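Subject: Structure handover

Hello,

Here is the structure for you to look through. My notes on what was found in it follow below.

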Amino acid sequence: RGLGDVYKRQAHHVPAPGGPGGHGHRATPSGGALPMIPAELNAYLAAEIAAFPGKTSLLVADLPTGAVRHAWQPEEPVPSASTIKVPILLAALEEVRLGRLSLEQRVALPAAALLPDTEEFDRGETDCSLWELLYWMTALSDNTATNVILDLLGLDAVNRYATRVLG
């Protein structure tokens, strides 16, 4: 299936970014959107966390200054699971920014790369755009997409990026 099909399937769960009711924004009298002030964002995050049935821990900090912007049980240990996908995403986008990769470039998905739990690659061996892989990796937490992107970038490149930029 194509990315458009996946997006349509998921669209009812995702508010329009930047619009009224979108994450991190509030409506203005003219119908536009403004970024939430910290108290509004804290209230929004608290409501989202309260509605989530699972264990939650959150820490949002300004990396250059270390200032904590938002926190919810920041010392609570949680399994890292898919958090590796964030530095993989950032490293891939850095390669795009530097012109070494393109979001439109086609990336091969050999049959050997397809994991049994994938739902995005049900047609077998194929290729898709880097943009689609990044979407599936982050929005749908697809491990096949993650592994293919990691193979494209190389684990050492992701580690170097994370060390240099994230500390």
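The model is predicted. Its largest nonpolar core has 21 residues, and those with the most contacts inside it are Phe121, Leu133, Trp136, Ile149 and Leu153. Two or more residues each come from α3 (85–97), β5 (106–109), α4 (130–139), α5 (143–153) and α6 (155–166). The element that gives the most is α4, with 6 residues. Leu133 shows how this part is put together: leaving aside residues up to four places away in sequence, Leu133 touches Val107, Leu109, Phe121, Cys128, Ala145, Val148 and Ile149.

For orientation, the protein chain has 6 helices and 6 strands. Read from the N terminus, the order is α-β-β-α-β-β-α-β-β-α-α-α. Of the 167 residues, 25% are buried. Among contacts between residues at least 6 apart in sequence, 45% join residues at least 24 apart. The accessible surface comes to about 10600 Å², and carbon and sulfur atoms account for 59% of that.

Helix α5

The buried residues of α5 are Thr144, Ala145, Thr146, Val148, Ile149 and Leu153. They pack against α3, β5, α4 and α6. At the start of the helix, a side-chain oxygen of Asp142 comes within 3.0 Å of the backbone nitrogen of Thr144. After α5 comes Gly154, which has a positive phi, near 95 degrees.

The aromatic pair

The count is 1 aromatic pair. Trp131 and Tyr135 form it, and they are stacked, with 5.9 Å from centre to centre and 5 degrees between the planes. Both residues lie in helix α4, 4 residues apart, about one turn of the helix. An α-helix has 3.6 residues a turn, so residues three or four places apart point the same way. Are the two partners buried or exposed? Tyr135 has a relative accessible area of 16% and is therefore buried, the cut-off being under 20%. Trp131, at 41%, counts as partly exposed.

Salt bridges

There are 7 salt bridges by count.

Glu76 and Lys55 meet through their side chains at 3.5 Å, N to O. Glu76 is in the loop between β4 (68–72) and α3, while Lys55 is in the loop between α2 (38–51) and β3 (58–61), so the pair links distant parts of the chain, 21 residues apart. Glu76 counts as partly exposed, at 35% relative accessibility, and Lys55 as exposed, at 53%.

Glu94 and Arg164 also form a salt bridge, at 3.8 Å, N to O. This pair links helix α3, which holds Glu94, with helix α6, which holds Arg164, across 70 residues. Glu94 is buried, with a relative accessible area of 14%, whereas Arg164 counts as exposed at 55%.

In the salt bridge between Asp127 and Arg106, the closest N and O atoms are 3.3 Å apart. Asp127 sits in strand β6 (residues 126–129) and Arg106 in strand β5, 21 residues apart. Here Asp127, at 34% relative accessibility, counts as partly exposed, and so does Arg106, at 49%. Finally, salt bridges that share partners join Glu94, Arg97 and Arg164 into one network.

Regards

Methods:
Residues are numbered from 1 along each chain as its sequence is written. This is a predicted model: local features need pLDDT of at least 70, side-chain atom pairs count only at pLDDT 80 or more; totals for chains, interfaces and linings use all residues. Side-chain values use heavy atoms; hydrogens and water are left out. A nonpolar core is a set of buried Ala, Val, Leu, Ile, Met, Phe, Trp, Tyr and Cys residues joined through side-chain atoms within 4.5 Å. Buried means under 20% relative accessible area, exposed over 50%, partly exposed in between (1.4 Å probe, protein chains only). Contact means heavy atoms within 4.5 Å. Accessible areas come from the Shrake-Rupley method with a 1.4 Å probe; for residues, only the protein chains shown count as cover. Rings of Phe, Tyr and Trp (its six-membered ring) pair if their centres lie within 6.5 Å; planes under 30 degrees apart count as stacked, over 60 as edge-to-face and the rest as tilted. A polar contact is a pair of N or O atoms within 3.5 Å; within protein, one must be able to donate a hydrogen and the other to accept it, and residues adjacent in sequence count only if both atoms are side-chain atoms. A salt bridge is a side-chain nitrogen of Lys or Arg within 4 Å of a carboxyl oxygen of Asp or Glu.
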